[in-house]
Amino acid sequence: MVDRTMAGQVLLCFWFLSLSSALGQVSYSIPEEMTKGSLVGNIVQDLGLDLKRLKSGKARIYTGDSAEYIELNKERGVLLIKERIDREALCGQTTPCALHLQITLENPMEFYSVTVEILDVNDNAPVFAVKEIKFDISESSLTGAKFVLERAVDDDVGFNGVQSYSLQPVDYFVLKTQDMPDGTKNVEMILQKPLDREKQEHISLLLTAVDGGDPQMSGTIPIIITVEDANDNAPVCFLSVYKTSIAENSPKGTVLTTVKASDSDQGQNGRVEYHIYKSPGTTNLFEIDGNEGVLRLSGDIDYEKVKYFQIDVQARDPGRHFDTCKVIVDIIDVNDNKPVINIMSKPSALSEDLKPGTVVTMLNVQDSDSGENGKVQCSINDNIPFMLKSTGNNFFSLVTDSDLDRERESEYNISVTCADEGVPSLSSSVTLSLQISDVNDNAPVFEKSSYEASVQENNTPGLSIFTVRARDADFNMNARVSYILEDSSVNGVPVSSLVSVSADSGVIHAVRSFDYEQIKDFQFRVKAQDGGSPPLSSNASVKIIIQDQNDNAPQVLYPVQSGVSVVAEIVPRSADVGYLVTKVVAVDVDSGQNAWLSYKLQKATDRALFEVGLQNGEIRTVRQVTDKDAVKQRLTVVVEDNGQPSRSATVNVNVAVADSFPEVLSEFTDFTHDKEYNDNLTFYLVLALAVVSFLFIVSIIAILSVKCYRWRRERMFYKSGANLPVIPYYPPLYADVGGTGTLQHVYNYEVCRTTDSRKSDLKYARPCSESIISLDTSGTQTLTHAQRGKLTLDDCDDQVRIIL
């Protein structure tokens, strides 16, 4: 049958081809799910075209906005499957399902239509929309009752869709199908045999839907039927007679027994209710739970009046079916009177300093029973500092057994229990609540024995620094803590002039502004005192650490700046690159990073000639000194610390680039006195004539000395292979001689710098015999003792200083 169908499709396809070719269009029929690259049709042959025309006309397929399932192979002139085609995704239940394509050619423009019909393949099984079908059917339902079932859905169309249904098993139900106008089938399940819930409560069926494809495919869905109950059974009591007993004077609500009955029906039809039925004398004494059958005592019974009861209980369902059973209750004589406890006296509070053995309160116990049932023994709870003593005739006294401590326990709930000697024994209990009053027996305790806090210098007076806290285990005024600053001194100054403490809160305030450079830390003691009588106290040590701020600018130690003289460093014109000119020495009285100093060259006569070491302040030549360099060089060095914000100091360094003293003198005579020459030119001319005459002889001596010094120094430099400078340092306490600004002695110090200037070491060295020439403003030459000494090669520094 399938072969005949396919043969018919092929013949129909050829008929369409022959018809379409004449009309400029062609149609094909292909099954869905063909693999990519499968042949659809020979478009060149069917349209009567030439392969060359396809290439020259730039043939292409136009599909509009739809997806491209078909592609044109211009080399072969055929249409191929480009993407797998799913007819159900493309057209759903619509038939026929077709793709409409257009093939266009250029030069000249031609247009051909191609229709590709997609034939259905049985690739989908029938599917039910739900997982299972459930019915609740009463067991009283009549045969012939109909129940509509869920229909299956098959995405395939035509004969490949759902064709038939079957139901298994068919013990109670049979299946009936009916064709609908829209081509679907209506499926019904018909009851053919009465149901009995007591025999079978649940019935499971399986509905199968089968399509007409080849191979045939099917889908199934389970049907769960729950048989609902009908009231066709009466309740039955488990026992016809129930026996129980109860002690006299039992409390109301005491459970006697539970009556049970069962009903074979289910749900509401199987629900059993219980009632006390026509039992004289029991209506007000007993009650029964209608749902559970629990029989309880609801009144007062007394063995001396009635020794037993007989109760009729009826069990019935909502259909008025019922069964009756009897309950026999025996009354038991028991010890039914409890001891009665009377408190004769009770104090409002107990002081925690009571001595052991003190009587707290008195109790009297009565029991209306006689004999053994009237004898009473009393006890109290354990682990409390009290004990109960019997004084005879059912009187008891409560006394202290050990010391009381309010801080450990401020209140005691003493449970007094008295029991008689009956069988079973009856008892009664009372609870005594005793408050313990406070005594000032605890001193305040600080959270720590010592505290440490920090504050930055330059603080505002009154600043809150730290808070000390002490706690007192006592109560009320005995626990009220006041803070007192103990008298002491710090470096001879009363501590009260530095800090104060708040009496109530323990907050420590700064009385004045602190200076880290004067005091770095100090200690004092704070006393905490309670409000008891007499008061108790304790103390704690507090250490305040002053933190440094960057409030001091660097101080330049060398070169020394003077208003009446100018210090110049001589650099010979033969100096090589890296020649050490001098070294700027500075300190900062701050600490830490606030004292880390850096050196920068701010201004210079020739920036390309000198540089300053960032960390060591050494001024060195950057390049080789030439004859074109000016003799007079002025450098401005900025010394800056690492604080936030940073502070700085500026120092001017005069450098003379020359090989002879007259050359230096001619350049530096007007270094600081240009203004004076302009004011009185005649005076300076006369003064210059006198100076030149006086210095002529001195110049000869100085030139010889310098030449000798340079020759010796260069010889020593080439021998040692290193330039080891000695940095001169002027002590802060020096005296001027004749107002010239020169020092009485020259001191050399080795300055060992670290990142913390406060830890820098200054090492004293023996006087250096370097050449120093000092000229005051009048031109008078003054040589110190060191200058007049012999120039020694081993002691001489590599610098020549001129003081003007």
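Tutor: Start with pairing: two strands pair if DSSP finds at least two bridges between them. Strands (E, at least two residues) are DSSP runs, numbered from the N terminus. This is a predicted model, in which local features need pLDDT of at least 70, side-chain atom pairs count only at pLDDT 80 or more, and totals for chains, interfaces and linings use all residues. Residues are numbered from 1 along each chain as its sequence is written, and side-chain values use heavy atoms, with hydrogens and water left out.

Student: Which residue in β42 is the bridge partner of Val501?

Tutor: Strands of a sheet pair through backbone hydrogen bonds, either parallel or antiparallel. Here the bridge partner of Val501 is Ile508. β41 and β42 (residues 507-510) are joined by 3 bridges in the antiparallel sense.

Student: In what order do the strands of this open sheet lie?

Tutor: The order is β36-β42-β41, with antiparallel pairing. β36 (464-467) and β41 (499-501) are at the edges with a single partner strand each, so one side of each lacks a neighbour in the sheet. On average, neighbouring strands here are turned by 25° against each other, direction ignored; the axes behind such angles are lines fitted to C-alpha atoms.

Student: How many residues of β14 are buried?

Tutor: Buried means under 20% relative accessible area, exposed over 50%, and partly exposed in between (1.4 Å probe, protein chains only). In β14 (residues 185-191), 7 of 7 residues are buried. In a regular strand the side chains alternate between the two faces of the sheet. Lys185, Val187, Met189 and Leu191 lie on one side of β14, Asn186, Glu188 and Ile190 on the other, and all are buried.

Student: Which strands pair with β14?

Tutor: β10 (residues 146-148) pairs with β14 over 3 antiparallel bridges, and Lys146 stands opposite Ile190. β13 (residues 173-179) pairs with β14 over 7 bridges, also in the antiparallel sense; there Gln178 faces Asn186.

Student: Is Asn459 buried or exposed?

Tutor: Asn459, in the loop between β35 (450-456) and β36, has a relative accessible area of 7% and is therefore buried. A polar contact is a pair of N or O atoms within 3.5 Å; within protein, one must be able to donate a hydrogen and the other to accept it, and residues adjacent in sequence count only if both atoms are side-chain atoms. The side chain of Asn459 reaches the backbone oxygen of Arg512 at 3.3 Å.

Note on methods
Helices (H or I, at least four residues) and strands (E, at least two) are DSSP runs, numbered from the N terminus. Axes are lines fitted to C-alpha atoms, for helices over the stretch in contact, and angles run from 0 to 180 degrees between N-to-C directions.
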